[in-house]
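Colleague: I am new to this one. Please take me through it and say what each term rests on.

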Amino acid sequence: MRGRVWGLGVGGWFVVAVATCALWAQAPGGSRQQSASASLAIPSVKDLKFPPLKPVEIPAVETVTLPNGMKVFLLEDHELPVVNGSARIRTGNLFDPPDKVGLATITGMVMRTGGTRTKTGDQLDQELENIAASVESSIDESSGSVGFSALKENTDQVLAAFHDVLTEPEFRQNKIDLAKNELRSGISRRNDDAHGIAEREFTDAVYGKDTPYGWEMEYPTVNRITRDDMAAFYKRYFFPANVMLAVWGDFNAAGMKTKLANLFADWKVTEPAVPAFPPVRQKAAPGLYLAMKTDVAQTFVVMGQLGGELRDKDYPALEVMSDILGGGFRSRLFQRVRTRMGDAYDIDAGWGANYDHPGLFRITVSTKSASTVETLKAINEEVQKMRTSEVTDDELNTAKQTALNSLVFAFDTKSKTLGRVLNYEYFGYPKDFIQQYQKALARVTKADVLRVAKERLNPAAFTVVTVGNPMQFGQPLESLGPVKALDLTIPEAK
Amino acid sequence: MGKSRLAAVFLLASVLLPAQILKEFEKKVTEFSLPNGLHFIVAERHEAPVVSFHTYVNAGSADDPSGATGIAHMFEHMAFKGTEAIGTTNWPEERKSLDAIEAAYDRLDAEQNKGPKADAAKVKVLNGQLQEAIDKAETYVVPNDYPRLIEENGGVGMNASTDYDATQYFYSLPSNRIELWFLLESQRFLHPVFREFYKERDVVQEENRMRVESSPQGLLLQDFTATAFEAHPYRNPPGGWPSDTANLRVRDAQAFYAKYYAPGNIVMAIVGDVNPMEARRLAERYFGPLPKRPLPPLLHTEEPPQHGPKTAVVDSPSQPLLVVGYKRPNELDKDDPVFDLISEILAGGRTGVVYKSLVEDKQVALELETADTFPDGKYPNLFLFFIAPALGHTVDENLKALEEALGTFEAQKVDAQTLARVKTKERAEVIRRLDNNPGLAGLLTANYAAYGDWRKLFTSLDDLDKVTADDVQRVARKYFATSSRTVAYTVAPSTPGGRARGGVAGERQ
């Protein structure tokens, strides 16, 4: 069969490494002028006239709070005979105890694999796959998730399994052992991928290795985790008032509301409100780091600093700034390092913004070992330029058009709309945040771009992580400043 | 196993007959060919004012000529360099400067072709002249103007890929800008320009360093594939061999284009908020001028029968990886659907029997995946197992566990419930893919190119339905044979010769 998707990441060779994702957009278009003579000459691009874009219909999301405090968001979508749901729980590995890093992750894994009070994980596997349905759970940095998906006629069965996984996971020991083995195997493999090393060491250095944003799972922290720890972690965060449930697909909203109210009627546990996530350390972590890896032909670099939050008033200008610097084919870094120098396939920059804590501004590149230093120099020059002179009208216009014209893709599926509503609610953002963003983006000026580059980018204090083989660099990395060696040794289990 | 569950499975099978799904979907599809042979599939989905485009060229790296491997991929990169109207400040002058590059390169080649008698000093001078010519041509370039136009008009998901069988170009636009795609897509294939060719050649070499030379998995799969295939071009990596790629010339790209980018060898899909009548009008206007050309010749090289097991060992300081492949026929073979189901039975979801045995029960593997078709499907290929051993467990243990699990699988017939389950899952998978414009566009073109009809996306489910437990056992026994097996694994270079290297007993190194 054609079109099977599989996960090894082999096969296709692409023209760009990461599909550049323009933000969002809406375009005023001229009215179409039919050339009456219907000349067959091919027009030039600038002569094309586009009709106005049809209005985007943003579906209304129905919201209801069940008697037990669980918030439910419903959106009907009758295109396919499928029903999907996702519960979001306010928790995260930011709440891991420092000596048991990995607790949230493994709790998220075993909630599903360890089965429920009445069924083992293996029984769930069989029952769900028999009807081509799924229930999956996970906990990431700042939220937990239990999701489901099924064909319409299996709605009741999948809801029952979903309910049990969410409300009465059993954490059977054999699946805890399996999950711990998997996590340990994962740790043992974490230095096998050069790009992954650069990403991890950069993140850890900028946030601080001794903070929940920068610490890593280790053999000892995983080994210490017990079933009791997991049960306690689950109990603390999984209670109805701490759950937002989104359901979308082929159902009748009123009927689904009743179904869910009945299904969760007897889930009444309460816990104190979950505290705020820990704050991010607001401190630069300047340094040029080298992690030695000799079995690579390129040097993998991740460099940058703390970014910001989506609610920053300067977020739109920062997006435009980083887009002009390193977002997509037309960006300065792509043009210079890839197109002109031929020194990289993969290069980009992005202003990292999160909903509730500063993300990471990062520039990513990989280049053959021998061009490491010249590439870093070129990148530094481009960053400096952003801070010393205004961008051109053309650059500003392109960046804004790119973002505004693609905005429609933020609304092209119902699940995106629902996801956005949920995110805004979860993180306390205004419901029309995206529209506000769109307006603010349209107002960004060249002066704004220069100002935010000056105010927010601090290249003197960049964290620069390089992973590669210094014997092949030609020009020593030290020519750029003092180099700190990174020790990648994985601490042994005690 | 309760009776009720079985009943539910069979009920589902009757509710969602592939024929019914197809009948509904067919209402949305319009299909036409231009006189030059270019084929279009238009599928309407008016849920949102967006539209996705997918160009599928039925030629890929397997069609790379010997000595110029990597040229299909190189051409794909060049297709983003613009046209005679886009990406240049002065096309007539730029064209002269591009010709001057080729002339300078020819002079350099002429000297280098003398081999050991080449004059080093002269080569140096000629190289300098070539660089000067390249620099001069760059002065006419508006870099990346072509992709900029797509991005600026709100294009998303813009990319292209080169596989063994095919080269694909794709992106999505707001649906009021459909004409922009017709203009840009037609011009890049009507008048390909080869500007910045030699800088882009550097870029694709960086791509190879990233994907293959710096990746244990990339190296392993490259060596594995080159070991499994001795004659068939599937042995060559899709990015080409580095020394070939480093010497590609514009004329190689021109020749590849002339031979393989015949309109009849290309299919395009447009999926989303599109009026099929308008699409047809625009297709005729913009793509009509592509001249009709003969279809490329079929590839005649056949992989000879394998005469015994083969092994490739890759030195790598990383944690071990293991790949096992068995020879299988191509995707047009009547047993193709059986391989599809076998893959799902062995490693699908959390219930796959080999997955369960190695990852959950014996816990010798961290990860186990199968691919029913590797590296691609147009020609006889491999059924693949990819295994990442768990911490503290070896390649040997995993290979042994895999052999045991396959032995058990072949010894008994698959039970009715498992067979029904995997068929149901395949059916649901097809349904779930139908609300995604870019995904659908890709599937429609791929099925048309591979089987001659996009409906195969749905009718393949009928083929799957016909597969019996006997078929599954027959195919597994026939093809999972050690004599047609290729094994590749990584091993730490410091490991002394004995255990790890000799680990796969009785196989040729």
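Predicted model: local features only at pLDDT ≥ 70, side-chain atom pairs only at ≥ 80, totals over all residues.

Modeller: Residues are numbered from 1 along each chain as its sequence is written, and chains are lettered from A and ligands numbered from 1 in the order in which they are written.

Colleague: Which residues of H18(B) are called buried?

Modeller: In helix H18 (residues 456-466) of chain B they are Lys456(B), Leu457(B), Phe458(B), Ser460(B), Leu461(B) and Leu464(B). Each is called buried because 20 or more other C-beta atoms, placed from the backbone, lie within 10 Å of its own.

Colleague: What makes domain 1 and domain 2 of chain B count as in contact?

Modeller: Two residues are in contact if their C-beta atoms, placed from the backbone, lie within 7 Å. By that rule 37 residues of domain 1 of chain B touch 29 residues of domain 2 of chain B. On the domain 1 side, H9(B) gives the most, with 10 residues. That side has 21 nonpolar, 12 polar and 4 charged residues. The assignment, automatic or from a database, gives domain 1 as 29-88 + 141-287 and domain 2 as 310-501. Their C-alpha centres lie 28 Å apart.

**Chain B against chain A**

Colleague: How many residues does each chain bring to the contact?

Modeller: Chain B brings 88 residues and chain A brings 82. Helix H8 (residues 197-213) of chain B supplies the largest share of the chain B side, 8 residues. The chain B side divides into 38 nonpolar, 24 polar and 26 charged residues.

Colleague: Why are S1(A) and S4(B) called paired?

Modeller: Strands pair if DSSP finds at least two bridges between them. Strand S1 (residues 13-14) of chain A and strand S4 (residues 156-162) of chain B are joined by 2 bridges and run antiparallel, so they meet that rule. Trp13(A) stands opposite Thr162(B) in S4(B).

Colleague: What makes S1(A) an edge strand?

Modeller: S1 of chain A pairs on one side only, and so does strand S1 (29-33) of chain B. The open sheet of 7 strands, with mixed pairing, has the order S1(A)-S4(B)-S5(B)-S3(B)-S6(B)-S2(B)-S1(B).

Colleague: Which strands does H17(B) lie across?

Modeller: H17(B) lies across S2, S3, S4, S5 and S6 of chain B, at about 30° to S3(B). Helix H7 (residues 178-190) of chain B lies across S3 and S5 of chain B, at about 20° to S3(B).

Definitions and conventions:
Helix = DSSP H or I, 4+ residues; strand = E, 2+ residues; numbered from the N terminus. Nonpolar A, V, L, I, M, F, W, Y, C, P; charged D, E, K, R; others polar. Buried ≥ 20, exposed ≤ 12 C-beta atoms within 10 Å, placed from the backbone. Axes fitted to C-alpha atoms, helices over the stretch in contact; angles between N-to-C directions.
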